[in-house]
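Please keep the sequence and the 3D view open while reading.

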Amino acid sequence: MTRHIVFANRKGGCAKTTTAVNVAHSLALKNYRVLLMDLDPQAHATLSLGMVPNPGVPNIYTLLDGGANLEDVIYPSRIANLSIIPSSRNLSVVEIEGPCFSADEHRLSEVLHSKKMDMDYVIMDPPPSVGTLSVNALAASEEVYIPMPMHFLAMEGLAEMVRLIYQINAAWNPGLSLGGIIPTFYNKNTRITKEIEGDIVQTFGEKFLAPPIRQNVALAEAPGHGLTIFEYAPKSIGALDYDALASFIDERH
Amino acid sequence: MTENCQNSIPSRVTLKDLLMQKNVPVSRPAQDNGQEGFNRNCSCDQYSCDQEIASHRLMQITDTLFKRGVAALKDDRPCCARGFFETLLAVEPDHIKARLNLSVALSRMGDHKGARTVLEGVLVNEPDNAIALQNLEVLDSIGF
């Protein structure tokens with residue numbers, strides 16, 4: 001059975017795309033068939049896999065607009081077991097056109113669940129905003145993981161995400177549940193990190209606190225080379241941390 | 001001097017404070033369903049869905065909430081179960097099975113008084129409800 005996972009946070013710069021890309025690759029390394037779905041008009045997940053976003057070829061926009069079938073927009077990546085539905089800048093039309101766009105909140109869910117997929121994981125990377133694209137991703141998923149740096153404003157963003165999950169649950173997708181909160185840019189020695197970790201455990205329970213992703217410059221460098229952390233620096237702490245996170249997610253099921 | 005500075009720093013805002021500010025129920029874990037969204041579901045004109053679809057969706061949601069509550073009870077997570085059943089009852093207050101299970105969750109959390117209140121509420125609707133009577137007897141036997 002395919003697991004549909006979304007890494008979401010309305011706040012930008014919280015390592016959401018880095019997490020989606022590297023968890024996808026780690027799961028592929030564990031011999032799972034993984035589909036990475038880039039739902040961000042910035043196309044950073046597409047770029048991170050070394051692909052050039054091209055509005056001229058069928059992509060996630062074409063799929064949501066009804067101009068292509070699912071099988072037409074899935075492209076194999078150079079990484080074994082990992083495929084991608086790329087994004088491109090024309091996807092921003094979805095957010096701009098809003099209600100005029102033919103894709104409603106259920107569009108992605110309908111497309112994904114209309115036929116059996118030959119995938120173990122579908123991993124979605126929505127934009128850092130609460131718009132049509134993010135709602136589509138949340139409405140089409142069973143699990144949401146929230147990457148967040150350990151500082152106060154990110155915690156406010158977390159509270160807002162929890163509120164959004166409640167809304168999505170009730171209005172569009174009762175099957176959506178919180179998978180976990182992923183501390184990113186993690187430094188265990190700071191007081192704020194300890195306090196926020198304590199807050200998360202106290203509010204949600206220990207099992208919702210995912211393994212942290214430590215601050216690691218290789219994680220910032222890898223996308224510039226069109227590589228994942230497992231290709232760019234496989235022995236870095238970034239690779240170790242994402243491997244641990246992928247195992248955590250894999251074992252959650 | 002240092003002491004004065006420290007005293008002037010307001011106490012830290014916690015995640016719980018933030019959730020409460022946003023009217024997100026903090027007694028329930030985030031994997032359950034929220035009452036807030038049901039209000040949105042009711043305003044279905046906005047989403048161009050007709051009454052039948054809205055009604056069907058609501059049934060699906062209550063069914064999901066009930067199943068999740070039962071699963072949480074079986075999984076020894078009474079706090080989560082409480083959240084599911086309370087949310088369900090906010091939409092469907094007369095759901096007897098949810099009320100019976102809520103009493104079990106409350107009892108397992110140590111809130112025997114709350115459990116009794118829920119069971120007595122069930123008996124107002126169904127004076128002969130065997131499960132409610134039986135569970136009240138259990139509470140009596142342990143002195144609550």
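A residue is called buried when its relative accessible area is under 20%, exposed when that area is over 50%, and partly exposed in between. A:Lys30, with a relative accessible area of 27%, is therefore partly exposed. The model is a predicted one.

- Chain A contains twelve helices and seven strands, whereas chain B has eight helices and zero strands.
- Along its sequence, chain B reads α-α-α-α-α-α-α-α.
- Of the 253 residues in chain A, 60% are buried; of the 144 residues in chain B, 41% are buried.
- In chain A, 79% of the contacts with a separation of 6 or more are between residues 24 or more positions apart.
- In chain B, residues at least 24 apart supply 46% of the contacts between residues at least 6 apart in sequence.
- Chain A has an accessible surface of about 9800 Å², and carbon and sulfur atoms account for 53% of it.
- Chain B exposes about 8300 Å², with 52% coming from carbon and sulfur atoms.

**Helix H9 of chain A**

- Helix H9 of chain A covers residues 191-204, which is 14 residues.
- Which residues of H9(A) are buried? They are A:Thr193, A:Ile196, A:Glu197, A:Asp199, A:Ile200, A:Thr203 and A:Phe204.
- These residues lie on the same side of H9(A), because they cover an arc of only 155° around the axis.
- The face turned away from that buried side carries the exposed residues A:Arg191, A:Lys194 and A:Gln202.
- In chain A, the buried residues of H9(A) pack against strand E6 (143-149), helix H8 (152-171) and strand E7 (177-184). They also pack against helix H2 (15-21) of chain B.
- Just after H9(A) comes A:Gly205, which has a positive phi of about 105°.

**A buried residue in a strand**

- A:Met124 belongs to strand E5 of chain A, which runs over residues 121-125.
- Is A:Met124 buried or exposed? With a relative accessible area of 0%, A:Met124 is buried.
- Leaving out residues up to four places away in sequence, A:Met124 touches a list of residues that includes A:His4, A:Ile5, A:Val6 and A:Phe7. Also among them are A:Met37, A:Leu39, A:Leu108 and A:Leu112.
- A:Met124 and A:Ala45 are separated by 79 residues in sequence, and their C-alpha atoms are 9.7 Å apart in space.

**A nonpolar surface patch**

- A:Phe152, A:Leu153, A:Ile192 and B:Val13 make a nonpolar surface patch of about 310 Å².
- A:Phe152 lies in helix H8 of chain A. Its relative accessibility is 34%, so A:Phe152 counts as partly exposed.

**Salt bridges**

- Side chains of opposite charge can pair when their charged atoms come close.
- How many salt bridges are there over all chains? The count comes to 15.
- One of them joins the side chains of A:Asp243 and A:Lys30, at 2.8 Å from N to O. A:Asp243 lies in helix H12 (residues 237-252) of chain A and A:Lys30 in the loop between helix H1 (16-29) and strand E2 (34-38), so this pair ties together parts that are 213 residues apart in sequence.
- A:Asp243 has a relative accessible area of 32% and is partly exposed.
- A:Arg33 and A:Asp118 also meet in a salt bridge, at 2.4 Å from N to O. This pair links distant parts of the chain, 85 residues apart: A:Arg33 is in the loop between H1 and E2 of chain A, and A:Asp118 is in the loop between helix H6 (107-113) and E5 of chain A.
- A:Arg33 is partly exposed at 34% relative accessibility, whereas A:Asp118 is exposed at 58%.
- A:Arg214 forms a salt bridge with A:Asp241, and their closest N and O atoms are 2.8 Å apart. A:Arg214 sits in the loop between H9 and helix H10 (217-221) of chain A, and A:Asp241 in helix H12 of chain A, 27 residues apart.
- A:Arg214 is partly exposed, with a relative accessible area of 35%, but A:Asp241 is buried, at 7%.
- A:Arg33, A:Asp118 and A:Asp120 are joined into one network by salt bridges that share partners.

Definitions and conventions:
Residues numbered from 1 in each chain as written. Chains lettered and ligands numbered in written order. Predicted model: local features only at pLDDT ≥ 70, side-chain atom pairs only at ≥ 80, totals over all residues. Heavy atoms only, no water. Helix = DSSP H or I, 4+ residues; strand = E, 2+ residues; numbered from the N terminus. Expected span 1.5 Å × (residues − 1). Buried < 20%, exposed > 50% of the residue type's maximum accessible area, 1.4 Å probe, protein only. Arc of directions from axis to C-beta. Contact = heavy atoms within 4.5 Å. Areas by Shrake-Rupley, 256 points an atom, 1.4 Å probe, with all protein chains shown as cover. Patch = residues over 30% accessible without salt bridge, like charges linked within 9 Å, V, L, I, M, F, W, Y side chains within 5 Å. Salt bridge = Lys/Arg side-chain N within 4 Å of Asp/Glu carboxyl O.
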